Amino acid sequence: MSEAQKADPGLYDFVPYRNRSKIVWPGGKKVAIWVAPNLEYYEIDPPANPHRKSWTKPHPDVVGYAHRDHSNRVSHWRMADAMSKYGFPGSVSLSVALCQHHPDVVKDANERGWEFFSHGIYNTRYTYGMDEAQERAIIEDSIRTVRDATGQTIRGWLAPALTHTPRTLDLIAEYGLDYTCDLYHDDQPQPVKVQSGKLISIPYSLEVNDHYGFFVYNMSPREYADTLIRQYERLAEEGETSGTVMCIPLHAYLIGQPHRIGPFAEVLRHIAEDGRAWIARAGEIADHYYDHHYAEAAHGA
């Protein structure tokens with residue numbers, strides 16, 4: 001085995017963007033848009049993980065906990081109302097413990113017709129260092145808890161706090177999930193190599209994630225809104241050649257603050273009125289890709 005082969009984790013094949021078969025979205029739309037609200041629960045004093053601290057401050061971090069709790073008390077409703085006003089369903093990255101801690105939030109999302117996928121149990125419990133039995137227990141708990149709370153069967157996965165083991169993708173495929181949001185490598189869905197079953201990656205985003213926009217890049221609300229519009233316009237333009245995907249990942253305690261929600265709502269209005277966007281749920285994007293493009297892409301890989 002060459003050094004290059006050793007360095008490649010083998011999760012997917014290299015397929016250059018400009019040489020792929022064409023993706024066509026329903027109605028001839030150019031870009032599939034999906035909004036991913038992260039409905040999360042953070043423990044104020046979680047058990048320590050030796051690989052990563054849950055809070056930068058010593059536990060219990062009252063400030064960090066209370067800031068994020070704004071999502072479930074106030075800003076979820078503000079964010080969700082803006083999305084509903086302009087016809088954007090959510091595909092929820094769910095800390096499944098929220099089903100027990102704040103069932104009203106989960107009930108509201110379910111009644112709006114939002115889809116749920118797993119973001120682990122708590123966003124303060126990390127996959128790093130878990131053995132296979134522990135990781136299986138999280139997947140099984142996620143499937144069971146979301147089904148009991150909403151009647152839905154989860155189809156996708158975003159690892160808690162973006163933490164993984166080398167077996168994560170193989171396990172979620174084994175349990176019948178059919179998409180992962182944990183690969184940030186492309187602007188179109190792509191087949192993922194797993195030991196059994198089938199799995200695709202659906203483009204999620206760190207670059208236009210509101211966490212990165214406000215916590216990492218220190219954007220103003222209008223700068224973040226402008227970034228979303230520039231992301232949309234470029235992907236819609238490239239979608240004339242082959243359909244693209246734009247994900248808008250959100251955290252209500254950030255985007256749902258009173259001084260931020262207005263510019264964000266303007267983005268939703270812009271996209272809804274533009275006419276080039278297929279406004280969809282993650283599962284709908286996965287279904288269309290599996291039905292119309294997966295076989296050719298997997299065979300070509």
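The entries below go from the whole chain to single residues.

**Ground rules.** I am working with a predicted model, in which local features need pLDDT of at least 70 and side-chain atom pairs count only at pLDDT 80 or more, while totals for chains, interfaces and linings use all residues. Residues are numbered from 1 along each chain as its sequence is written, and side-chain values use heavy atoms, with hydrogens and water left out.

**Whole chain.** I looked up the secondary structure and found 12 helices and nine strands, taken as DSSP runs numbered from the N terminus (helices H or I, at least four residues; strands E, at least two). Of the 301 residues, 52% count as buried, where buried means under 20% relative accessible area, exposed over 50% and partly exposed in between, with a 1.4 Å probe and protein chains only. I then checked contacts, meaning heavy atoms within 4.5 Å: among those between residues at least 6 apart in sequence, 74% join residues at least 24 apart.

**Cores.** I searched for nonpolar cores, each a set of buried Ala, Val, Leu, Ile, Met, Phe, Trp, Tyr and Cys residues joined through side-chain atoms within 4.5 Å. The largest has 64 residues, and Leu94, Ile248 and Leu250 are those with the most contacts inside it. Apart from it lies another core, of 22 residues, which includes Ile23, Leu158, Tyr204 and Val245. For Ile248 I left aside the neighbours within four places in sequence and found contacts with Trp34, Val35, Ala36, Tyr224, Leu228, Phe264 and Ile271.

**Strands S2 and S3.** I found that S2 (residues 91–94) and S3 run parallel and are joined by four bridges, the rule being that two strands pair if DSSP finds at least two bridges between them. Ser93 stands opposite Phe117 in S3. Strand S3 (residues 115–118) is covered on both faces, with Glu115 and Phe117 buried on one side and Phe116 and Ser118 buried on the other.

**Ser91.** This residue lies in strand S2, and I noted that Ser91 counts as buried because its relative accessibility is 0%. Beyond four places in sequence, Ser91 is in contact with Trp34, Val35, Ala36, Pro37, Glu115, Phe117, Arg281 and Ala282. I also looked at Gly283, which is 192 residues from Ser91 along the chain, and found their C-alpha atoms separated by 8.1 Å.

**Asn72.** I placed Asn72 in helix H2 (residues 62–85), where Asn72 counts as buried because its relative accessibility is 9%. Leaving aside neighbours within four places in sequence, I list its contacts as Glu40, Tyr41, Trp77, Leu98, His102 and Val105.

**Aromatic rings.** I paired rings of Phe, Tyr and Trp (its six-membered ring) if their centres lie within 6.5 Å, with planes under 30 degrees apart counted as stacked, over 60 as edge-to-face and the rest as tilted. The count came to nine aromatic pairs. One of them is Phe215 with Tyr253, tilted, at 6.4 Å centre to centre and 50 degrees between the planes. This pair links distant parts of the chain, since Phe215 is in helix H7 (residues 210–216) and Tyr253 in helix H9 (residues 252–255), 38 residues apart. Phe215 counts as partly exposed at 35% relative accessibility, whereas Tyr253 counts as buried at 2%. Tyr290 and Tyr294 form a tilted pair at 5.1 Å and 45 degrees, and both are buried. I also noted one aromatic cluster formed by Trp34, Phe117, Tyr179, Tyr184 and Tyr204.
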